[in-house]
Amino acid sequence: KEALMISALRLLLFLPALSVCLAQFYVLDDRNGLGRRFDGIGGLSGGGATSRLLINYKEPYRSRILDYLFKPNFGASLHILKVEIGGDAQTTDGTEPSHKHDENEENFFRGYEWWLMKEAKKRNPNITLIGLPWAFPGWISQGSNWPYTFPDVTANYVVSWVIGAKQYHDLDINYIGVWNERDYDAKYIRVLRDMLDKVGLKNVGIIAADGNWDISKAVLVDPYLNDAVNVIGVHYPGTTTVEEALRSGKLLWSSEDYSTFNNDVGAGCWARILNQNYVNGRMTSTISWNLVASYYEDLSFGRDGLMTAEEPWSGNYVVEAPIWITAHTTQFAQPGWNYLQTVGHLTQGGSYVALTDGKGNLTVIIETMTHNHSQCIRPALPPFSVSPQSAKFQLKGSFAAVTELQQWYSRLDFETKKDVLFRRMDPIKVYNGYFTLNLDVDEVYTLTTVTSGQKGLYPDPPDSAPFPKKYFDHFDVRNPPFSEAPYFADQTGVFEYFTNLTDPGPHVFTLRQVVSQRPVTWDNDADQTISIVGDHNWKSLTVSCDIYIETPNGGVFIAARVDQAGESVRKAMGVFYWVFGNGTYKVTNDIGGQKVLAEGLSGTRPGVWHTLTLTVQGYYAYGKLNGYPLWNNAIVLQPKNGWAAIGTHSFEYAQFDNFFVNAD
């Protein structure tokens, strides 16, 4: 039945003449039953390291950002938080640490996702929590790049994360995913379901497969897989679904969507898909990648978040338009409400949905986003037109006696740039069940019986400012609140605070690279480890750091003008100053070490602290070892600018201390 309704709806899109005759009048009625249950709107932290800089904000700014995201009846008021289960590998904008770097250890305080889930839960105790792996530590696969070789090992690893969330942080995880945007394995999903059940986690659902719709065909023919999967989650569906998914009877979610620059076009994209994912595709949840753009903007997909918080050093953040577009739905409908069956497209373009709590409350969301002002990053958006129109609605059934609806309004003004965002308007009067709206293009309306909506507001944050030109970190933190040092963004490998009990001198507290074997990767990780810091616009600068090689064949580098990271980290260019445990050094123009600018003997050896100093001025680079010149006048034609960085020659243990950069 539902598939037939979808087909009929699509047919109407190709019958404009017929539509004009029928469309200016819309009925909102629950007498013939309700549509699907609404499961909520969410944001995704991870995939990867998209919230990296958020933890480094000082108060009160950090709490204010969190309020705009999660506090009910304030800002986005999100219903769902989805996080990456860290796997020690590059997963778009950085690496997130695993809770088990090694098979024989575990630590449930690494990274920041635990903290973020607790902060979200503090603000909204009813928020739904989801965990999904992008990558896995290398021991999972014992040398291959495939997590399903030993399905019981992988399942145990994921289940341990769920158990740790509860045991150490009192967090109840509601859903677990399989492997982000990669092939699923039916046997693994069944093993994961069985293991969850055996340890008493029957209430934890499985979302599959966080990619395309293929699994919807499989659950129709595999009863065991069907029993194991609770939600069919798809990414970037373009608001459409497939017949097999509808026939499956499963919850259908757009479990990752949006991923669009958060200007007004991004807001238009978000407004359109929040409605049309249900109207066209019967998807009852939409989750934004990403939650908050809190990573260096020159990494992959800069500012593709619901809001922007990328300057913890200044305290500046921006409450972008998508926050208020989200509020049009999240503040006036809660998970557990139901869509009405009477939802659809407007005659002259746009869409409307209606939801009810079954207790007399009604919320209607209308959007009239035009094509060029609502294009998401993917998939391509087929042509359509939207024009001003008058829409008359009739309330029937449980809503026939409603006499007034609260009205919230947004307009994305692409001509004057004077947007109206989530403004409370005068209530709409409903006469004998009827009301009329005159709709312009690029607008969003929420009409609702719910009276608790608010547009939260804090004083303006500090002004934007670049990363400090002089920066020093001695890493002397006895009980760090987070495992990563401020502002360092790991791009391959994991760099953690470390207490060096073997050194009673000045290097007791250091930063250590701790991934010792290549992970089961999701992206194109480098063969070297690297953590970037600073301002991508830096040109002339000096970088200095104490380094400690731990393995006989090991090597360590400091770098300047690193031009690429994120998904492109393997192609990173810059000035890389390496020293090795065999007593040699090398200066290269690339992270792979192939474009050699200088090389020779250094006398460096493992188990001894050395100080490296790299200076890049114009077209020339110079290097010191332990305060004495080691090489000079290396010619650097490209790149012209980039971050500072530290790293290792391979996946190996190494330590860093007293990092200093001067970009004056």
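Predicted model: local features only at pLDDT ≥ 70, side-chain atom pairs only at ≥ 80, totals over all residues.
Residues are numbered from 1 along each chain as its sequence is written. Local features need pLDDT of at least 70 and side-chain atom pairs pLDDT 80 or more, while totals for chains, interfaces and linings use all residues, and side-chain values use heavy atoms, without hydrogens and water.

**Confidence.** The pLDDT (the predictor's confidence in each residue, from 0 to 100) averages 96 over the chain. A score of at least 70 is reached by 97% of the residues. Residues 8-23 fall below 50. Beyond near neighbours in sequence, that stretch has 14 contacts (heavy atoms within 4.5 Å) in the model.

**Barrel.** Helices (H or I, at least four residues) and strands (E, at least two) are DSSP runs, numbered from the N terminus. Eight strands close into a barrel, in the order β3-β4-β5-β6-β7-β8-β9-β10, with parallel pairing. Two strands pair if DSSP finds at least two bridges between them. Strands β4 and β5 share six bridges. Leu81 stands opposite Leu129 in β5.

**Helices.** Axes are lines fitted to C-alpha atoms, for helices over the stretch in contact; angles run from 0 to 180 degrees between N-to-C directions.

| Helix | Lies across | Angle |
|---|---|---|
| α4 (residues 113-123) | β3, β4, β5 | about 170° to β4 |
| α10 (residues 264-279) | β3, β9, β10 | about 175° to β9 |

**Asn180.** Asn180 sits in the loop between β6 and α6. Leaving out residues up to four places away in sequence, Asn180 touches Leu132, Pro133, Trp134, Asp210, His235, Glu256 and Trp522.
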